[in-house]
Each structure stands twice: as structure tokens, then as C-alpha cells.
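Below is a short briefing on the folds, open spaces and selected residues of one chain. Please keep the model in view while reading.

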Amino acid sequence: MADQGDRQRQAAILIADVAGYSALVETGESATVAAVRDLAVRVMAPVAQEFSGQLVKMLGDGFLLEFPNSVQAVKAALEISRKAADLSGRPLPLRMGIHAGNVIAAGDDRYGNCVNVASRLESLAAPGEICVSGTVQQQTRGRVSAAFDDLGLQCVRNISEPVRVFRVIRNSPPAADAEGPSPEITVAVLPFTEKPAGQAGAATLAEVLTEDITIGLSRFRDLRVVSRTAAQRFSGSTASPSLTAAELGVRYLVEGSVRQLAGKLRITITLADGNGGHSLWSGSYDRQDPFDFGQQDVLSGQLTQTLAVQFQTIAKRKSATPAASGSAPEPRALVLQAKAVMLDTRSALHQCRELYQQACDADPGYAPALSGLALTYLVEWMSGWCQSPEQTLERAFPLLRHAALIDPLDSVPQRRLAVMHLCRGEFILAEDHFQRALMLNPNDTDTMAFRGLSFVYQGRPEAALSELEQATVRNPFHPTYFHWFRGLALYMCREYQPGIAELNKAVGMHPGFPAPHWHLAACHAQLGDRPAAARECGRILGMEPAFSAARVGRTLPFVRLEDLEHYCSGLRRAGLPG
């Protein structure tokens with residue numbers, strides 16, 4: 001309760017703290033304390049004053065600043081971030097959260113829901129990031145030199161209603177062309193147009209697709225997407241792609257149109273390189289008119305995932321040839337190189353692991369490197385290449401837990417934590433992490449596919465096929481393992497011939513990966529095709545001479561004993577050692 005001396009007013013509250021403060025203190029307490037005080041005196045207080053605000057209080061490694069409005073608060077946060085990085089001595093990575101509303105001023109402190117929300121937003125920010133509420137984003141868009149990355153609705157502790165969270169991104173010109181792997185991919189989704197103009201159905205769908213694709217792409221943490229508001233300025237513009245990209249501070253542009261035809265709508269989409277203006281990919285989709293909300297959601301997800309795959313391909317292509325330089329590659333470059341390695345053989349797995357390990361050694365706090373290193377252990381478990389399945393998963397767990405703590409808004413560590421728990425047969429924990437991953441990125445079809453695999457092991461192969469079908473529809477350029485997950489689900493449904501068709505696709509694309517061969521041998525055996533089963537047995541034993549159905553049976557986390565026996569009996573009938 002506020003007393004009579006307290007004053008209530010409208011303000012914007014900025015909460016900041018030093019990320020990893022405890023660890024910094026452990027390595028040098030006096031130096032860290034001095035650096036934090038220096039930050040308060042040389043950066044926080046003068047920047048607050050410059051933007052008509054004030055540093056209200058400092059508590060340990062935390063700061064509370066008050067500003068008259070959201071615009072001043074966001075501008076101050078950007079300036080604080082820039083100046084803090086330029087301070088000499090120890091680097092102090094800051095996390096900041098901003099919310100605007102009613103604030104209770106009581107002496108040298110501030111209270112109220114506005115302060116609480118700002119504090120929760122600060123806790124959601126990764127080191128070096130600024131997170132703001134939807135209120136702040138609405139009040140500042142178009143009025144600050146920054147873009148906003150929509151992170152969706154987030155449930156935050158002690159706040160009854162979910163909060164719409166945005167990450168602030170400073171706009172900067174794109175690099176002319178990378179001399180090595182690009183640190184990130186920057187993109188703008190320009191407003192889709194309707195043809196001919198004035199068609200209500202086409203105009204509505206154009207607006208929906210623009211918004212959904214912008215939000216969907218922003219969920220992928222390795223992409224930097226400018227806000228829809230910033231891109232809106234170029235609606236109907238005749239400016240060249242290179243000029244538009246330079247104005248928006250991005251490298252790539254997504255453009256699209258919705259054309260009203262007789263009884264149908266035709267949606268076209270193009271991905272262009274802003275440097276040269278040339279098209280990198282384009283697609284065309286016909287849908288019946290009228291177009292219902294369910295169809296809109298499916299199409300938006302499909303377009304978003306297709307674009308994400310194109311960007312991943314671009315990143316891998318740039319990473320294929322490391323930069324020619326005398327200095328050691330940066331962690332981000334090493335991670336991009338590791339992502340370009342196809343994990344279909346033991347040697348490729350070890351090469352990828354070495355790259356991720358180098359990135360972790362160079363920066364132990366770089367979440368994508370930690371998560372990537374953990375991935376190599378998960379792949380090792382799923383391929384049967386590991387000596388001890390339990391120890392392999394134990395190596396993955398702390399890496400993923402650390403990555404998730406560093407970047408709680410990234411869906412990838414959550415997905416891989418789900419897979420790790422799935423491998424252990426901990427299905428309740430796995431489902432919890434699957435749901436977290438899908439909340440953070442509803443367009444992450446990899447999460448949907450692994451969730452389908454979880455259903456297989458739980459004895460629900462029909463549900464698995466449904467989940468995998470949704471993932472495939474959303475991602476036409478899906479990874480190979482979609483096929484062998486589907487093949488295993490079909491095997492458990494006793495649909496052996498369709499299973500063989502799916503598994504042949506996986507084996508044809510990556511013949512060196514063992515798991516699809518196991519499923520394929522079992523399918524042929526159950527159909528009584530001994531020559532085909534024997535052929536697969538030879539390939540399996542050629543890759544792994546010590547293979548046995550018993551070892552696989554001790555590893556795979558089938559819930560029902562009859563499902564495990566059905567699978568292992570197929571391996572034994574194929575002629576593999578029991």
C-alpha cells in the first residue's frame with residue numbers, strides 16, 4: 001500500500017543488470033565491483049539525464065531508471081548498450097527490460113506493476129539484449145532507430161496475464177558481402193500486395209501473410225527480422241531492392257502478392273538478395289476462394305518454414321569455405337561451419353563435434369555452440385555409435401541446460417532437451433520441453449517431427465503419423481529424418497510396404513546413417529522378403545560389426561513391451577544377431 005506521501009504518475013521504467021555478475025565476482029571481486037560502479041557513474045546516470053530521466057537506484061549489479069515516456073527510455077537503453085560496450089576494463093554484458101505505465105514514487109524508490117513487469121522483461125533478456133513490452137513497442141515504433149523482434153506472448157512470474165514481449169534490434173547497414181561466414185542473416189518482409197487493387201479478400205490475405213511471416217521468421221534466433229512497421233514504409237514503393245535493403249539495414253528481402261482469379265487466390269512469394277537485387281527463390285501457391293482461417297494458418301506456416309530453410313541453406317553455403325585469415329575463427333563462424341556438416345557418418349560427426357568444441361572453448365557462454373555440441377551426443381545416441389548410451393546422454397544434458405539458461409527464448413535448446421528426455425524414456429519431461437519449444441517457435445517443424453517420434457515410442461504410432469504429416473506440410477524441404485521417423489511409425493502400425501517406401505528415401509539420401517537401415521531390414525523381414533532383408537543386414541553389419549538386436553532393445557525407449565518385441569523380432573527375423 002502506498003502512503004499519503006507517495007506519488008503516482010505515468011512513466012517508463014528501465015531495469016538493467018549485469019549478466020553473469022556472480023561468475024565475474026568469483027574471478028575478481030574488487031575489479032568487478034569497481035567496474036559496476038564505473039558503469040553507474042560514467043554511463044547510467046549521464047545517459048539517463050541526457051534523455052530526461054534519472055538513475056533512481058542501484059542495488060548490487062542492478063539498476064532502476066525512470067523516464068518520462070517510452071521513446072526516451074528505449075533511446076537511452078540503446079545508448080547505454082553502446083557506451084557500456086566501449087568502456088575500458090572488464091566487459092559488462094547488460095540485460096535490460098522496459099515497461100511503461102503507472103509508477104508509484106516513494107522517496108528514492110519506485111513501486112507498482114510497471115516496475116514488476118520491467119523486472120520480468122529484464123530476466124527474459126539474454127546478455128546484451130533489450131526486451132520491451134507490447135505497450136512500449138506500440139509507443140516507440142517508427143520513433144526510434146531500431147527494429148523490434150516479436151517474441152510473442154510470454155507467461156512471466158507473479159504477473160497474472162501473459163505479456164507481449166519484443167526484443168529491440170538496432171538497425172545497421174548490411175555488410176557488402178561476407179569475407180567469411182555471415183554472423184547473422186538480416187531480412188525484411190515487405191508488405192504483400194493485392195492484385196488487382198481493391199479486392200477485399202486478396203487485401204485481407206495479403207495483410208495476414210505479411211504479419212504472420214514477419215512474426216514467424218522472427219522466432220528463428222539465427223535470423224534478424226525488422227519490424228513490420230519499419231517495412232510498412234516501403235508498401236507500394238518503386239525503390240530498387242538494393243536501396244530498400246540499405247534503408248532497412250538488411251541483406252535479404254521477402255516480397256509477395258495475392259492475385260484474385262476466378263474462384264481462387266494465387267499467392268506468389270520471392271526471396272531477393274538486397275545487394276544485387278537478384279532473386280534467390282520464388283514460389284507460387286493456388287488456394288480456393290473463400291480462404292478460411294485454418295487455411296491461412298497452414299499457408300503462413302508453410303511459407304515461413306520454407307523461407308527459414310532457404311536462409312539455413314544460405315548460411316551453410318557461406319560457411320562451407322572458412323574465411324582466409326591468420327586469426328582464429330570466431331565462435332559464431334565455427335558454429336556456422338559445424339551446421340554445414342551433414343551428420344551421416346562417424347567421421348562427419350567427429351568433425352562437427354570438434355568445430356562445436358572449439359566454439360565452446362573460445363566462448364563458454366555462447367548458447368548455439370553449447371546446444372550444437374549437445375546435438376552431436378544426441379545424434380551419436382540415435383545412430384548407435386556410442387559405447388555407453390547413458391554416458392552419452394549425460395554429456396548432452398548439462399550443455400543443453402546451460403544453453404537454455406543463457407537464452408531462454410531460443411526454441412532449439414528446448415527441443416533438444418525434449419529429445420534428450422525422450423531418449424531416456426522420460427516422456428512427461430520431454431513433452432514439457434516440446435511444448436516450450438513450440439510456444440517459442442510454432443513454426444519449428446523439427447520439434448513437431450521429434451514429437452512424432454516420441455508418440456511412436458509411447459505406443460501411439462497413428463498420432464505420430466499425424467504429427468509428422470503436419471510437419472511435412474509445413475516444411476516441404478524437410479530433413480531426411482522425417483522419412484525414417486515416418487518409416488518407423490508405419491512399421492509399428494504394421495504398414496510395412498509404405499514403411500519401406502519412406503525408409504528407402506532416407507537411405508537413398510544418406511546411406512551411411514545406420515538407423516533407417518535397421519527399420520528397413522525389419523520391414524523386409526516382416527514381409528518375408530529374405531533377399532532384401534539379408535542385403536540390409538549386410539549393410540548394417542558392415543557399418544557396425546558388433547550390432548545386435550539385444551543392444552538396440554536395451555536402448556530404445558519403447559513404453560510397451562509388445563512394441564519393443566515387435567521391433568526386435570523384426571531385426572532377428574532379418575538375420576541380425578539377437
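Of the chain's 578 residues, 55% count as buried (under 20% relative accessible area with a 1.4 Å probe and protein chains only; exposed is over 50%, and partly exposed lies in between). This is a predicted model, in which local features need pLDDT of at least 70 and side-chain atom pairs count only at pLDDT 80 or more, while totals for chains, interfaces and linings use all residues. Residues are numbered from 1 along each chain as its sequence is written, and side-chain values use heavy atoms, with hydrogens and water left out.

**Overall make-up**
- The chain has 23 helices and 14 strands (DSSP runs numbered from the N terminus: H or I of at least four residues for helices, E of at least two for strands).
- Take the contacts between residues at least 6 apart in sequence: 64% of them join residues at least 24 apart (contact means heavy atoms within 4.5 Å).

**Second largest pocket**
- This pocket has a volume of about 540 Å³. A pocket is an open set of points on a 1 Å grid over the protein atoms alone, with protein on both sides within 12 Å along at least five of seven lines; a cavity is a set where a 1.4 Å probe fits but cannot get out; lining residues have an atom within 4 Å of a point. Points are joined across faces, edges and corners, and a volume is the space filled by probe spheres set on them.
- The second largest pocket is lined by 28 residues, and Trp381, Cys386, Pro389, Arg551 and Thr555 are the closest to its centre.
- Helices that each supply at least two residues to this lining include α12 (367-383), α13 (389-406) and α22 (549-555).
- The lining has 16 nonpolar, five polar and seven charged residues (nonpolar: Ala, Val, Leu, Ile, Met, Phe, Trp, Tyr, Cys and Pro; charged: Asp, Glu, Lys and Arg; polar: the others, Gly among them).

**Helix α12**
- Of the 17 residues of α12, 15 are buried.

**Cavities**
- The structure holds two cavities of 30 Å³ or more.
- The largest cavity has about 60 Å³ of space. Its lining residues are Ser383, Gly384, Trp385, Pro514, Trp518, Ile540, Met543, Glu544 and Arg551.
- By class, that lining has five nonpolar, two polar and two charged residues. Helices α20 and α21 (530-543) each supply at least two of the lining residues.
- The second largest cavity has about 40 Å³ of space. Leu151, Gln154, Ser218, Arg219, Arg221, Leu409 and Leu440 line this cavity, dividing into three nonpolar, two polar and two charged.

**Two buried residues**
- Asp563 sits in helix α23 (residues 561-574) and is buried, with a relative accessible area of 4%.
- The side chain of Asp563 makes a polar contact with the side chain of Arg560 (2.9 Å). A polar contact is a pair of N or O atoms within 3.5 Å; within protein, one must be able to donate a hydrogen and the other to accept it, and residues adjacent in sequence count only if both atoms are side-chain atoms.
- Leaving aside neighbours within four places in sequence, Asp563 is in contact with Gly459, Met492 and Phe558.
- Thr140 lies in helix α5 (residues 134-140) and is buried, with a relative accessible area of 0%.
- Leaving aside neighbours within four places in sequence, Thr140 is in contact with Ser70, Val71, Val74 and Phe148.
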